[in-house]
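Please read the following note beside the sequence and the three-dimensional view. The points take up pockets, helix packing and backbone geometry in turn.

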Amino acid sequence: MLTLQFGQCGNQLGHSLFSQISADLDAKDTGISKQSNSAYTEQSFEKWFTGISKDGKRLARSVLVDTEHKVVNKICSESSGRWVYRSKNLVCQSGGGSANNWAYGSMIKGPQLKTDILDITRREIERTDSFNGILLLLSSAGGTGSGVGSYAVDLIRDEFPNKSIISCIVLPFSSGEVGVQNYNTLLTLAKFNETADLNFIFQNEQIHSICTNVLKNTETRLIDINDVISKKLCAVFQPVSNIWCNANYITSTVASHPSYKMATIKSTPYVPPMIKQYESSQSWKSYVEHLKETLRVSALSDPETKAPSKVSSARSSYSYWKSVSNILISRGKVMENDAVPYDQLQSKELYVDWIAPNDQLTVLNQDRRLINQDKFLALVSNNSQIHCTLEEIVEKAWNTYTHSAFLHQYKKFGLEENDFLEAFAKVENVIKDYESL
């Protein structure tokens, strides 16, 4: 799988992802035999790395794209332990970024970077024995991740029409990172939902709450948020028993219906570093119950931003967001007296009626621990809850649009009002599809 990182957020997230993958490969407390661990690390290496550098470090299978050098130079110069980026895989140019403007990134900067993006992407793919798909990492708030990323996803689709494209889109804080972030996010979601095969949506606000409430990190930084997102991605894409969890498999399982191509990754447990050595793992049952709780409609606050309860809920009559599909992935030893009760996630109340029972839930397991953690559980869910997030973005963008605020900043780079209206229509159609579930 080839990873493309766009802009400041995408490149910082990619650096965190490869650091965690490398740490997982080097983990000592695996919980499995040496032979089994060797097979796991070999599969993981072949998925994420292209070889070994002259100084003995793993070479990441990744392309770094940015419209200024500052962030890319910083992450490439930082000590990265056992892995590095290829110096020839950097697509950068001087010129002050993309001005937090989707139109400038997509219609000006994107075409300027086109040749380099395609050349390096082709070169990386030629190095693979079996190319499966592409993972795109970006934020929707600024201009490079959203704009250049949107331009690049069309490039990649045209160049590799039969390969799976999965995007990881990080949404901005609702309180505001950039004045035009809702325009940029709207335009990005419209493009990626149309072009990519599967879109993982991450909300900065929600991940920040996991850091502060569960990990007890009172001074949460962007690097901490990226580490949580990276662990979620590792839990999904690292090898599992008999399956590589590659892009084709994930896409065909999660987004088999063309109208529903957005998903979230819910995961547990997150243990604060200061108590990790003292806190014993709970049962798989408690973790599954915790993830099922995240699917409840009536939850007053996001259950994922709280620690799992050690006491089972006595109430069973909850209403749930309707799912198109779910994948439950457990990482850690499953014992006879501590089984994963996946039947809790097979209840018909969780799924739409038109999905066959055999296609509702996929259960995967890997006995090997993830980065030395005794147990870790991830739920990839494609469900109707996503419409709430999209509605909020559309509402804020529409309020700005009706006052013609900032529109001149987009028009001067070639984006017309009809382009905005078309983006509104596309995202509103996605909202209607998910609401209909």
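1. In this predicted model, the lining of the second largest pocket comprises seven nonpolar, 16 polar and three charged residues. This pocket holds about 470 Å³ of space. Its lining is made by 26 residues, and those nearest the centre are Gln8, Cys9, Asn100, Ser139 and Gly142. Three elements, α1 (7-25), α5 (144-159) and α8 (222-237), each give two or more residues to this lining. The greatest share comes from α1, with five residues.

2. The volume of the largest pocket is about 770 Å³. A total of 40 residues line the largest pocket, and Gln203, Gln206, Asp302, Gln385 and Thr389 are the ones nearest its centre. By class, its lining has 16 nonpolar, 16 polar and eight charged residues.

3. Which elements each supply at least two residues of the lining of the largest pocket? They are α6 (181-195), β9 (198-203), α7 (204-214), β10 (262-268), β13 (376-383) and α11 (386-402). Of the contributors to the largest pocket, α11 gives the most, namely six residues.

4. The note now turns to helix packing. A pair of packed helices is described by two quantities, the angle between the axes and the distance between them. For α1 and α8, the angle is about 55° and the axes are 8 Å apart. The two helices, α1 and α8, are therefore oblique to each other. The crossing of α1 past α8 is right-handed. On the α1 side, the residues in contact are Gln12, Leu13, Ser16, Leu17, Gln20 and Ile21. They meet Leu222, Asn226, Asp227, Ile229, Ser230, Lys231, Leu233 and Cys234 of α8. Sorted by class, this contact of α1 with α8 has seven nonpolar, five polar and two charged residues.

5. How are α11 and α13 placed relative to each other? Helix α13 covers residues 417-435, and it packs with α11 at an angle of about 155°, the axes being 9 Å apart. This angle makes α11 roughly antiparallel to α13. The crossing of α11 and α13 is left-handed. From α11, the contact includes Ile386, His387, Leu390, Glu391, Val394, Ala397, Trp398 and Tyr401. From α13, the residues taking part are Glu417, Phe420, Leu421, Phe424, Val427, Glu428, Val430, Ile431, Tyr434 and Glu435. By class, the contact of α11 with α13 has 13 nonpolar, one polar and four charged residues. The reader may recall that α11 also gives six residues to the lining of the largest pocket.

6. A further pair is formed by α5 and α6, whose axes come within 9 Å and cross at roughly 10°. That angle makes α5 roughly parallel to α6. In α5, the contact is made by Ser146, Gly149, Ser150, Val153, Asp154 and Arg157. In α6, the partners are Asn184, Thr188, Lys191, Phe192 and Thr195. The contact of α5 with α6 has, by class, two nonpolar, six polar and three charged residues. Each helix also has a place in a pocket lining: α5 gives two or more residues to that of the second largest pocket, and α6 supplies at least two to that of the largest.

7. Two details of the backbone deserve attention. In general, most peptide bonds are trans, and most residues other than glycine have a negative phi. Here, the peptide bond from Thr268 to Pro269 is cis, with omega near -5°. Pro269 belongs to the loop between β10 and α10 (284-293). Ala99 has a positive phi of about 60°, although it is not a glycine. The loop between β6 (90-91) and α4 (102-126) is where Ala99 is found.

Key: Residues are numbered from 1 along each chain as its sequence is written. This is a predicted model: local features need pLDDT of at least 70, side-chain atom pairs count only at pLDDT 80 or more; totals for chains, interfaces and linings use all residues. Side-chain values use heavy atoms; hydrogens and water are left out. On a 1 Å grid over the protein atoms alone, a cavity is a set of points where a 1.4 Å probe fits but cannot get out, and a pocket is an open set with protein on both sides within 12 Å along at least five of seven lines; lining residues have an atom within 4 Å of a point. Grid points are joined across faces, edges and corners, and a volume is the space filled by probe spheres set on the points. Helices (H or I, at least four residues) and strands (E, at least two) are DSSP runs, numbered from the N terminus. Ala, Val, Leu, Ile, Met, Phe, Trp, Tyr, Cys and Pro count as nonpolar, Asp, Glu, Lys and Arg as charged, and the others, Gly among them, as polar. Axes are lines fitted to C-alpha atoms, for helices over the stretch in contact, and angles run from 0 to 180 degrees between N-to-C directions. Angles under 35 degrees count as roughly parallel, over 145 as roughly antiparallel, 65 to 115 as roughly perpendicular and the rest as oblique. A crossing is left-handed if the near helix is turned anticlockwise from the far one by less than a right angle, and right-handed if clockwise. Contact means heavy atoms within 4.5 Å.
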